[in-house]
Amino acid sequence: MSEYKVTYKSNRNVVFSCMYHVVWCPKYRRDVLVNGADARLKWIIQQVCSETDSEILEMEVMPDHVHLLVEVDPQFGVHHLVKLIKGRSSRLLRQEFRWCRTRLPSLWTNSYFVSTVGGAPLEIVKQYIEQQKHV
């Protein structure tokens, strides 16, 4: 997640630059992303994004929510990416961290926030996400 300049990517038939700010929370906004679960979640997100050719521009995992700035192929879709991340991370985190099972009926809420990010405010969004750890 270094210095990022707007570049265009392409697949077989689309040239694109689609960046999204995505935020989601554990069920009941419980503080369960702690004591190693946060680092494990980051690793899972990186794996899913790598498998789907999505690029993580910035990521912060807070005890009760996740911020992700990601570039996704428009034909693959941000909804599909979020669904994969939440599904895999819920299964793996609940297997590995007991408190993710005992305190919650399911790890994630069904909803999430997503906003497109244009080239100009990209640095502002990255700065906002970086500052979440310091608040």
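**View 1. Trp99 is partly exposed, with a relative accessibility of 25%.** Here, buried means under 20% relative accessible area and exposed means over 50%, with partly exposed in between (1.4 Å probe, protein chains only). This is a predicted model, so a word on ground rules: local features need pLDDT of at least 70, side-chain atom pairs count only at pLDDT 80 or more, and totals for chains, interfaces and linings use all residues. Residues are numbered from 1 along each chain as its sequence is written, and side-chain values use heavy atoms, with hydrogens and water left out.

**View 2. Aromatic pairs: a search of the whole structure turns up 2.** Trp24 sits in strand 3 and Trp108 in the loop between helix 3 and strand 6, so the pair ties together parts 84 residues apart in sequence. Trp24 is buried at 1% relative accessible area, and Trp108 is buried too, at 6%. Phe97 and Trp99 make a tilted pair, 5.1 Å centre to centre and 55° between the planes; Phe97 is buried at 12%. Rings of Phe, Tyr and Trp (its six-membered ring) pair if their centres lie within 6.5 Å; planes under 30 degrees apart are stacked, over 60 edge-to-face, the rest tilted. Helices (H or I, at least four residues) and strands (E, at least two) are DSSP runs, numbered from the N terminus.

**View 3. An open sheet of 4 strands runs in the order 4-5-3-6, with antiparallel pairing.** Strand 4 (55–62) and strand 6 (113–117) are the edges, each with a single partner strand, so one side of each has no neighbour in the sheet. Twist from one strand to the next averages 15°. Strand 3 (residues 19–24) and strand 6 run antiparallel, joined by 5 bridges; two strands pair if DSSP finds at least two bridges between them. Look for Met19 opposite Val117 in strand 6. Helix 1 (residues 37–51) packs on the sheet, touching strand 3, strand 4 and strand 5 (65–71), and its direction makes about 160° with that of strand 4. Helix 2 (residues 78–96) packs on the sheet as well, touching strand 3, strand 5 and strand 6, at about 40° to the direction of strand 3. Axes are lines fitted to C-alpha atoms, for helices over the stretch in contact (heavy atoms within 4.5 Å), and angles run from 0 to 180 degrees between N-to-C directions.

**View 4. Helix 2 has buried residues including Val78, Leu81, Val82 and Ile85.**

**View 5. Salt bridges: the structure holds 5.** The cut-off is a side-chain nitrogen of Lys or Arg within 4 Å of a carboxyl oxygen of Asp or Glu. Glu71 pairs with Lys9, closest N and O atoms 3.4 Å apart. Glu71 lies in strand 5 and Lys9 in strand 1 (residues 9–10), so this one ties together parts 62 residues apart in sequence. Glu71 is buried at 1%, while Lys9 is partly exposed at 23%. Glu96 and Arg40 also meet in a salt bridge (2.7 Å, N to O), linking helix 2 with helix 1 across 56 residues. Finally, salt bridges that share partners join Lys9, Glu55 and Glu71 into one network.
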